[in-house]
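Biologist: I would like to learn how to read a model like this one. Please give me the general idea each time, then the case.

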Amino acid sequence: HVDTAEVNPSHSNMSAPPHPQPPAKGASHAAGDFSYVGIDAILEQMRRKAMKQGFELNIMIVGQSGLGKSTLMNTLFKSKVSRKSVVSTPEERIPKTIEIKSISHDIEEKGVRMKLTVIDTPGFGDHINNENCWQPIMKFINDQYEQYLQEEINIDRKKRIPDSRVHCCMYFIPPTGHCLRPLDVEFMSRLSKVVNIVPVIAKADTLTLEERDFFKQTIREELRANGIDVYPQKEFDEDSDDRMINDKIREMIPFAVVGSNQEYQVNGKRLLGRKTKWGTIEVENIAHCEFAHLRDLLIRTHMQNIKDITSSIHYEVYRVRRLNETNGQPNAQPPNTLDSNIKYIMIHT
């Protein structure tokens, strides 16, 4: 995988290349090349501005207790970025209702600053009756859109609107090896219309490689059968190159992952892993699990695209619907499907 971070010149959601770049080319060309204008220097200007401002990334993690959600997030960002999973009493271990907990961290790497917010949903799927347990999560996502919209329509709005919109929802599927549960289908069917969903099979080391491949294939077929569009969505591929890269990612979905904060000595190297009596499962070894592919998607290759789709598609669908309601045109929008809303946005904005 090649790092392909992009820089977006808008007032928010700025990103920057992961490595410092050399000075603008104009300086070296100016002396001898009279045909050189220097348009490419805009990239360096954008990079400097993005480095100065930093950017935001908001990830929601959803799944029942015991699937290693916090551990995986800590593994992804190589630090303790998620809530403590240890609680004092059995009564506190499973909340009576879905709770939404957000924890923000400032992370800096090679001069690039990022405000990472991890949104946890303890209590999801932990009860005997999980009917409508997706509703508090849907409400939270829409509340963030509403908050952004209210800031946007202010006459004296901020130069840079704080972005609390959920850019990505990682949905943790238990490693049963059989098929999706009705709860999984219900959640992803409803939430995929308002947020980018990345499904993962948690604790994949509990499955054999054959069981894992069969489970992944079964899940992909069930997603297709139920019309569930997870990230990266086909309709948002911008060109043939995007389509080719994203098709390979779609063939890997859901990512079978293992998380660990423990380092072990393997063949003279310190590696993140999980020790078993059969050997050490190396988290970042693609022969052992697909953690590295998930990390590359979320951070190294598609982070800016995930944020762009949140802003230009999911938030835009919400914005059009709310503005129609405000203008007294509740029936002005087409049927409540992602495709029809996208077409409506393209025509009317």
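Biologist: Into which class does glutamate 151 fall: buried, partly exposed or exposed?

Modeller: The classes rest on relative accessible area: under 20% is buried, over 50% is exposed and anything in between is partly exposed, with a 1.4 Å probe and protein chains only. Glutamate 151 has 21% relative accessibility, so it counts as partly exposed. Before we go on, note that this is a predicted model, in which local features need pLDDT of at least 70 and side-chain atom pairs count only at pLDDT 80 or more, while totals for chains, interfaces and linings use all residues. Residues are numbered from 1 along each chain as its sequence is written, and side-chain values use heavy atoms, with hydrogens and water left out.

Biologist: With which residue does glutamate 151 form a salt bridge?

Modeller: Side chains of opposite charge can pair when their charged atoms come close. The criterion is a side-chain nitrogen of Lys or Arg within 4 Å of a carboxyl oxygen of Asp or Glu. For glutamate 151 the partner is lysine 158, and their closest N and O atoms are 3.6 Å apart. Lysine 158 is partly exposed, at 43% relative accessible area.

Biologist: How many salt bridges does the structure hold?

Modeller: There are 22 salt bridges. Another of them joins lysine 78 to glutamate 284, with 3.3 Å between the closest N and O atoms. This pair links distant parts of the chain, 206 residues apart: lysine 78 sits in the loop between helix 3 and helix 4 (90–93), and glutamate 284 in the loop between strand 9 (279–282) and helix 9. Helices here are DSSP runs of H or I with at least four residues, strands are runs of E with at least two, and both are numbered from the N terminus. Lysine 78 is exposed at 56%, whereas glutamate 284 is partly exposed at 34%.

Biologist: Where do glutamate 325 and arginine 321 lie?

Modeller: Both are in helix 10 (residues 303–326), four residues apart, about one turn of the helix. Salt bridges can also share partners, and those that do join Lys78, Glu284, Arg295, Asp296 and Arg300 into one network. The side chains of glutamate 325 and arginine 321 meet in a salt bridge of 3.2 Å, N to O.

Biologist: At what angle do helix 3 and helix 9 pack?

Modeller: Axes are lines fitted to C-alpha atoms, for helices over the stretch in contact, and angles between the N-to-C directions run from 0 to 180 degrees. Helix 3 (residues 69–76) and helix 9 (residues 291–301) pack at about 70 degrees, with axes 11 Å apart. Angles under 35 degrees count as roughly parallel, over 145 as roughly antiparallel, 65 to 115 as roughly perpendicular and the rest as oblique. Helix 3 and helix 9 are therefore roughly perpendicular.

Biologist: At what angle do helix 5 and helix 6 cross?

Modeller: Their axes cross at roughly 20 degrees and come within 11 Å, helix 6 being residues 182–191. That makes helix 5 roughly parallel to helix 6.

Biologist: What is the phi of asparagine 132?

Modeller: Phi of asparagine 132 is near 60 degrees, a positive value in a residue other than glycine. Asparagine 132 is in the loop between strand 3 (112–120) and helix 5, and is partly exposed at 35%. Asparagine 267 has a positive phi too, about 50 degrees. The place of asparagine 267 is the loop between strand 7 (263–266) and strand 8 (269–276), where it is exposed at 78%.

Biologist: How far apart are the C-alpha atoms of aspartate 143 and arginine 165?

Modeller: Residues separated in sequence can still be compared by their C-alpha atoms. For this pair, 22 residues apart along the chain, the separation is 8.6 Å. Aspartate 143 belongs to helix 5 (residues 135–152).
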